[in-house]
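Me: I am new to this structure. Please show it to me, and then let us go through a few parts of it.

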Amino acid sequence: MPSSFPLSRPRRLRRSDQLRSMFQETELSLNDLVLPIFVEEEIDDFVPIKAMPGVMRIPESRLASEIERYARAGIKSVMTFGVSHHLSHDGSDTWHEDGLVSRMTRICKDAVPEMIVMSDTCFCEYTSHGHCGIVHDDHIDNDATLINLGKQAVAAAQAGADFIAPSAAMDGQVHAIRSALDEAGFINTSIMSYSTKFASAMYGPFREAGGSALKGNRNAYQMNPMNRREAIRESLMDEQEGADALMVKPAGAYLDIIRDIREASRLPLGAYQVSGEYAMIKFAAAAGAIDEHRVVRESLGSIKRAGADLIFTYFAMDLAKDGI
């Protein structure tokens with residue numbers, strides 16, 4: 001007699017660990033991960049970041065040994081953020097040859113030349129007001145900021161940065177940086193654009209990590225989290241301006257945007273699992289509410305599955321130690 005049961009049984013391919021592994025569609029490896037790091041000048045010891053358990057500000061004097069440690073663990077790339085003690089209204093320390101941005105890059109490349117160094121290109125950690133650009137009459141002067149972003153990008157490239165990663169969310173920033181780099185002779189220095197960056201509530205712990213002096217918000221220049229069509233438009237504009245790779249930030253709450261941009265562009269696509277995403281997992285795990293090991297891999301796997309080629313995550317070293 002004909003069976004009344006279904007002929008198609010997907011469970012047949014899940015019967016064992018070996019079968020599940022064989023038919024797994026999305027793979028996560030250390031090649032997919034970039035480790036963001038915070039480097040503070042003029043301190044002697046590591047500074048724990050209370051809102052991000054397990055993450056510390058690295059003393060500049062210890063940066064070389066940390067980069068060597070990451071490399072031994074299998075980390076291929078870092079994104080550098082500086083914690084400056086030389087704040088100004090325009091963040092001018094960022095474009096000086098001996099400023100923190102340049103020093104971080106040189107230390108990383110001298111310690112491990114093959115480490116891919118992405119230099120976060122912004123001003124929020126270097127300005128006395130904590131905004132990402134020049135402030136005039138209580139608003140951010142977009143075009144004046146573009147000039148300074150070009151200066152910072154050239155300084156980082158001169159120091160050896162492999163990628164300039166503009167996160168200031170200024171209109172036209174990729175074009176301005178590409179022009180500045182090319183004019184200075186750095187035609188092979190790549191741009192990893194924070195092309196779709198939302199004004200998210202999930203950046204809170206980063207403010208402690210980076211020592212931001214921000215008062216107010218960045219709603220005027222970062223994206224409305226409720227806008228989907230604009231998110232795609234922002235990334236496609238950066239592609240047209242010469243970005244070599246795009247990025248969505250944050251990642252976990254914006255998987256639909258990652259997928260939209262993946263379908264709209266053929267450029268490499270990154271996604272940033274931000275400080276708030278990291279903190280939520282860490283604190284929930286500490287409370288015994290979740291299995292951290294499994295949730296980390298599930299969350300990163302979902303970002304990769306949505307279409308990201310690279311994932312910026314503070315969990316990168318944890319995964320490296322565990323062999324993913």
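Reply: Helix α10 is followed by G307, whose phi is positive, near 135°. Helices (H or I, at least four residues) and strands (E, at least two) are DSSP runs, numbered from the N terminus. This is a predicted model: local features need pLDDT of at least 70, side-chain atom pairs count only at pLDDT 80 or more, and totals for chains, interfaces and linings use all residues. Residues are numbered from 1 along each chain as its sequence is written, and side-chain values use heavy atoms, with hydrogens and water left out.

Me: How far apart are the end C-alpha atoms of α10?

Reply: Helix α10 covers residues 292-306, which is 15 residues. The expected span is 1.5 Å times one less than the number of residues, so α10 should span 21 Å. The distance between its end C-alpha atoms agrees with this, at 21 Å.

Me: Which residue has a side-chain oxygen that reaches a backbone nitrogen at the start of α10?

Reply: A polar contact is a pair of N or O atoms within 3.5 Å; within protein, one must be able to donate a hydrogen and the other to accept it, and residues adjacent in sequence count only if both atoms are side-chain atoms. Here the backbone nitrogen belongs to H293, and the oxygen comes to within 3.1 Å of it. That oxygen is on the side chain of D291.

Me: Is R218 buried or exposed?

Reply: R218 lies in the loop between α6 and α7 (229-241). Buried means under 20% relative accessible area, exposed over 50%, and partly exposed in between (1.4 Å probe, protein chains only). R218 has a relative accessible area of 6%, so it is buried.

Me: Why does R207 count as partly exposed?

Reply: R207 is found in helix α6 (residues 204-210). Leaving aside neighbours within four places in sequence, R207 is in contact (heavy atoms within 4.5 Å) with S212, L214 and R218. R207 counts as partly exposed because its relative accessibility is 27%.

Me: What is the relative accessible area of T121?

Reply: T121 is in strand β5 (residues 116-121). Leaving aside neighbours within four places in sequence, T121 has contacts that include L149, Q152, I164 and I177. The side chain of T121 also reaches the backbone oxygen of S119 at 2.9 Å. T121 is buried, and its relative accessible area is 0%.
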